[in-house]
Amino acid sequence: MPKIAIVEDVPTLADMYKFKFEQSGFEVVVGYNGEEGLQRVTEFQPEIVLLDLMMPIMSGDEVLEKIRAQVWGAKIKVIILTNIGEDEAPQRLKNLHVSRYIVKADYTPAQVVDIVKEVLLEP
C-alpha cells in the first residue's frame, strides 16, 4: 500500500483528497498547515507528498526545503498542488526537485490520484 502525505490548509480540500486516496488504496496522513505537515511527513516518511504552497505558519516551499535537508527526504517525490500559477511560484522550487506542479482548479481529485500513481512509477 503506497504511503502519501497531504499538506493542505483547507480542511475540506485536504479531507476530500484523503478520502479519494484512501479509496484508491493509499495509506494517508494529512497536515493542515506547513508546520503540522512537516511533522507528519517526517514521522510518516511517505513515498510521495502532495504539498500546497500558500499555508499558515510555514509555506510549502519552506516545508519542502526542510524535507530536502533530511537524508530520507532528499529523494522523496513531491507534487505541488496549489492554486498559484507556476510562473508565480517561488523561484527556489526549481532547486528543490518537484516531481510535478498541479494547479488545483485545473484537475479533478480523480485526475490528481492518476497523476500521483503515474509519478510513483517514474524512476
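The dialogue below goes through some features of a predicted model of a protein, one at a time.

Q: Where do I start with a predicted model like this one, and which helices and strands does the protein have?

A: A plain way to begin is to list the elements and then to read their order along the chain. In this protein there are four helices and five strands, and from the N terminus on they follow one another as β-α-β-α-β-α-β-β-α.

Q: How many Å is the radius of gyration of the protein, and what does the globule rule give for 123 residues?

A: The radius of gyration is 13 Å, which is close to the 14 Å that the globule rule gives for 123 residues, so the protein is as compact as a globular protein of that length. Along its principal axes, the C-alpha trace spans about 35 × 30 × 30 Å.

Q: What share of the residues is buried, and what can be said of the accessible surface?

A: Here a cut-off is needed, since a residue is called buried when its relative accessible area is under 20% and exposed when that area is over 50%. Of the 123 residues in this protein, 47% are buried. The accessible surface comes to about 6400 Å², and carbon and sulfur atoms hold 53% of it.

Q: What share of the contacts joins residues 24 or more positions apart?

A: Among the contacts in the protein with a separation of 6 or more, 59% are between residues 24 or more positions apart. As one case to look for in the structure, Pro56 and Asn33 are 23 residues apart along the chain, and their C-alpha atoms are separated by 5.7 Å. Pro56 lies in the loop between strand 3 and helix 3, where it is partly exposed at 41% relative accessibility. Leaving out residues up to four places away in sequence, Pro56 touches Asp9, Asn33 and Gly34.

Q: How should I read a nonpolar core, and which residues of the largest one touch the most other members?

A: The general idea is that in soluble globular proteins, nonpolar side chains tend to be buried together. In this structure the largest nonpolar core has 21 residues, and Val49, Leu51, Val63 and Val78 are the ones that touch the most other members. Two or more residues each are given to this core by strand 1 (3–7), helix 2, strand 3, helix 3, strand 4 (77–82) and strand 5 (100–103). There is also a second, separate core of 18 residues, which includes Phe26, Val28, Val113 and Val116.

Q: Which residues does Val49 touch?

A: Not counting residues up to four places away in sequence, Val49 touches Ala5, Val7, Val41, Ile76, Lys77, Val78 and Ile79.

Q: Is Val30 buried or exposed, and which residues does it touch?

A: Val30 lies in strand 2, which covers residues 27–31, and it is buried, with a relative accessible area of 5%. Apart from residues up to four places away in sequence, its contacts are Ile6, Ala14, Lys18, Glu36 and Arg40. For contrast in the labels, look at Glu43 in helix 2, which is exposed, with a relative accessible area of 58%.

Q: Where is Gly73, and is it buried or exposed?

A: Gly73 sits in the loop between helix 3 and strand 4, and with a relative accessible area of 0% it is buried. Leaving aside neighbours within four places in sequence, Gly73 is in contact with Ile67 and Arg68. The C-alpha atoms of Gly73 and Val41 are separated by 9.1 Å, although these residues are 32 residues apart along the chain.

Q: How many positive and negative charges does the protein have, and how far apart are their mean positions?

A: There are 13 positive and 20 negative charges, and their mean positions are 5 Å apart.

Definitions and conventions
Residues numbered from 1 in each chain as written. Predicted model: local features only at pLDDT ≥ 70, side-chain atom pairs only at ≥ 80, totals over all residues. Heavy atoms only, no water. Rg over C-alpha atoms; globule rule 2.2 N^0.38 Å. Buried < 20%, exposed > 50% of the residue type's maximum accessible area, 1.4 Å probe, protein only. Contact = heavy atoms within 4.5 Å. Areas by Shrake-Rupley, 256 points an atom, 1.4 Å probe, with all protein chains shown as cover. Lys, Arg positive; Asp, Glu negative; His and termini not counted. Charge placed at Lys NZ, Arg CZ, Asp CG, Glu CD. Core = buried A, V, L, I, M, F, W, Y, C linked by side-chain atoms within 4.5 Å.
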